[in-house]
Amino acid sequence: MTISKAVDESADLCEAMTGSPENGLASENADLEPASVQAERRESRNRSILLGAGFAFFSKFPALLVMIVSVPLAIDALGEERFGVWVTVTTLLTLLRFLDGGAANAVINIVAECDQKQSKDAAKSLVSSVYAFLAIVACWCFGLQFLIVPQIDWGWLLSLPDTISSREVIVVTLAGAGSYFISMPLTVGAKVLTGLQKSHWVSIANSVANVVSVIATVIAWYVDAGLVEFVLCFAAQPILSGIISTWLSFRVRQGIYRPNMRVVSRHSFSHALKVGALFWVLQICAAVAYQCDALIVSHFAGLTETAKLGLVSRLFLVANSVAMLVMGPLWPAFREANLAGDADWVRQTFKKSMKYCMLVSIALTLPLTFFFNPINQIWTGGSADPTGWLVISVFLWSNLQVAGRIIAMLLNGLHVIKLQVICSILMMVLNVAFSIPLTVYYGASGVVLGSVLSFTLAILLPYCFWIPRVIDRQCRIAEGTR
């Protein structure tokens, strides 16, 4: 299948509960709306983006506090090698996201569509079915982990030194994975709020959870806690955030998003999995392409190199998170504009978001690159001592990720998923092929360079070619229906 065919067919993958298929950015009914209605929709979208970005800005302070506080305390309490284990295990937890079958991410598009069409019964049935599905998956996975995790040869996989036993890593992994499975059904609430363009409520939930995580981390350091306790401090954050987001989602739209087992249906369940199928494939590809760096470095270069990678990556993440403030609200806003047939708004908003987010990202990460050593000396007392090549590599990679995240928000909103899957599969293969030999020869900087090369070849260059054509195609559809 060619990429052009993938783009052409991507709109056919998502069908409303009413049975009417989507056709790109255009909606005949939407294009017949008066200009005043379209202007009101644009104003509402812009307001939602600004509100979400504003709340995200304030919510980032607790998140940044978590990062700033947890890293030096973890290094001080655990040492470099156990900090490397902490980095690897917390990174591996993100790989578990694919276990939801893509259903959680599908909720964003489903809720946005049902809300735009005011299909309350369909929305309630679909969301309730996703809650039931994730609860069942979480229970099964929680039990299976006790059979699978102990069978893994962690000493070989992470190249553990004699000072760290495989049993310790097993306990840490079970604790972290168990916490993730508990939080799995709770992710639906945040997706519902995001689909309703109320991501500022999600930001509030994350802020509260991050503050609690910081307090827990400080307590763990003060009582000289071990690796398990530090991992739990990290893993408990999504549980608390999920509880708050779920409670908030129950209170919107007269409580129609509160799960009800009586409206769970096979049809709704099948529709959610159909919409989420490509999201699921995309999650798997992204997990391998983006989240396996720590595992590769641990196995081929050792935990000390993993500690260096974790230290530099987390410092640059602090800067990048500011540039990513506006990204959360973009997905549902693009989706709503998709359903309303407002192609011009999509094109203009995408260009502005890319321009300003990249400018902010570069402006924040460039000083970190030049002054990393003194900053690290103040932050951690000079721990890990990463090389200059590693710092430069992470600078390039962090800015590429910002660009990729904005593009993903656009394509997710337009439901152009097959193109992302094709490019992500290619990146996954190239990333593993490049990263392993580069890590063997250059250590932690090698795995980052592998990610930079694979992202540029498999994601950035194809997207630069196809995205203008995708948007222009959708614009022609919108203009033809007016």
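Contact here means heavy atoms within 4.5 Å. The views below all come from a predicted model.

**Figure 1. Tyr257 and its contacts in the predicted model.** Not counting residues up to four places away in sequence, Tyr257 touches Val111, Asp115, Ala123, Val127 and Tyr131, and also Val192, Leu196, Ser249, Phe250 and Val252. Tyr257 belongs to the largest nonpolar core, which has 131 residues. Together with Trp154 and Phe350, Tyr257 touches the most other members of that core. Helix H17, residues 388-413, supplies the largest share of this core, with 14 residues. In soluble globular proteins, nonpolar side chains tend to be buried together.

**Figure 2. The protein chain as a whole.** The chain has 19 helices and 0 strands. Of its 482 residues, 56% count as buried. Among contacts between residues at least 6 apart in sequence, 86% join residues at least 24 apart.

**Figure 3. Helices H13 and H15 packed against each other.** Helix H13 covers residues 303-323 and helix H15 covers residues 343-370. Their axes lie 8 Å apart, and the packing angle is about 155 degrees. Angles over 145 degrees count as roughly antiparallel, and H13 and H15 are therefore roughly antiparallel to each other. The crossing of H13 past H15 is right-handed. On the H13 side the contact consists of Leu315, Phe316, Ala319, Asn320, Val322 and Ala323. These meet Cys357, Val360, Ser361, Leu364, Thr365, Leu368 and Thr369 of H15. Sorted by class, the contact of H13 with H15 has 9 nonpolar residues, 4 polar residues and no charged residues.

**Figure 4. Lys308 in helix H13.** Lys308 has 15% relative accessibility and therefore counts as buried, since the cut-off for buried is under 20%. Leaving aside neighbours within four places in sequence, Lys308 is in contact with Ala384, Asp385, Pro386 and Leu390.

**Figure 5. Helices H12 and H18 where they cross.** H12 runs over residues 293-301 and H18 over residues 418-442. The two axes come within 9 Å and cross at roughly 35 degrees. H12 passes H18 in a right-handed crossing. From H12, the contact is made by Asp293, Ile296, Val297, Phe300 and Ala301. From H18, Asn431, Ser435, Ile436, Thr439 and Val440 take part. By class, this contact of H12 with H18 has 6 nonpolar, 3 polar and 1 charged residues.

**Figure 6. Ile296 in helix H12.** With a relative accessible area of 10%, Ile296 is buried. Not counting residues up to four places away in sequence, Ile296 touches Ala301, Ser435, Ile436, Thr439 and Val447. Ile296 and Val447 are 151 residues apart in sequence, while their C-alpha atoms are 7.5 Å apart in space.

**Figure 7. Gly413 in helix H17.** The relative accessible area of Gly413 is 0%, so this residue is buried. The C-alpha atoms of Gly413 and Leu330 are separated by 7.9 Å, although the two residues are 83 residues apart along the chain. Gly413 is in contact with Trp331, Phe334, Arg335 and Asn338, leaving aside its neighbours within four places in sequence.

**Figure 8. Thr173 in helix H7.** Helix H7 covers residues 166-183. Thr173 has 12% relative accessibility and counts as buried. Not counting residues up to four places away in sequence, Thr173 touches Val89, Gln145, Val149 and Trp154. Trp154 is also one of the residues named for touching the most other members of the largest nonpolar core.

**Figure 9. Ser159 and its positive phi.** Most residues other than glycine have a negative phi. Ser159 is not a glycine, yet its phi is positive, at about 50 degrees. Ser159 lies in the loop between helix H6, residues 154-157, and helix H7. At 31% relative accessibility, Ser159 counts as partly exposed.

**Figure 10. Asp224 and its positive phi.** Asp224, a residue other than glycine, has a positive phi near 60 degrees. Asp224 sits in the loop between helix H9, residues 199-222, and helix H10, residues 227-249. The relative accessibility of Asp224 is 59%, so Asp224 counts as exposed.

Definitions and conventions:
Residues are numbered from 1 along each chain as its sequence is written. This is a predicted model: local features need pLDDT of at least 70, side-chain atom pairs count only at pLDDT 80 or more; totals for chains, interfaces and linings use all residues. Side-chain values use heavy atoms; hydrogens and water are left out. A nonpolar core is a set of buried Ala, Val, Leu, Ile, Met, Phe, Trp, Tyr and Cys residues joined through side-chain atoms within 4.5 Å. Buried means under 20% relative accessible area, exposed over 50%, partly exposed in between (1.4 Å probe, protein chains only). Helices (H or I, at least four residues) and strands (E, at least two) are DSSP runs, numbered from the N terminus. Axes are lines fitted to C-alpha atoms, for helices over the stretch in contact, and angles run from 0 to 180 degrees between N-to-C directions. Angles under 35 degrees count as roughly parallel, over 145 as roughly antiparallel, 65 to 115 as roughly perpendicular and the rest as oblique. A crossing is left-handed if the near helix is turned anticlockwise from the far one by less than a right angle, and right-handed if clockwise. Ala, Val, Leu, Ile, Met, Phe, Trp, Tyr, Cys and Pro count as nonpolar, Asp, Glu, Lys and Arg as charged, and the others, Gly among them, as polar.
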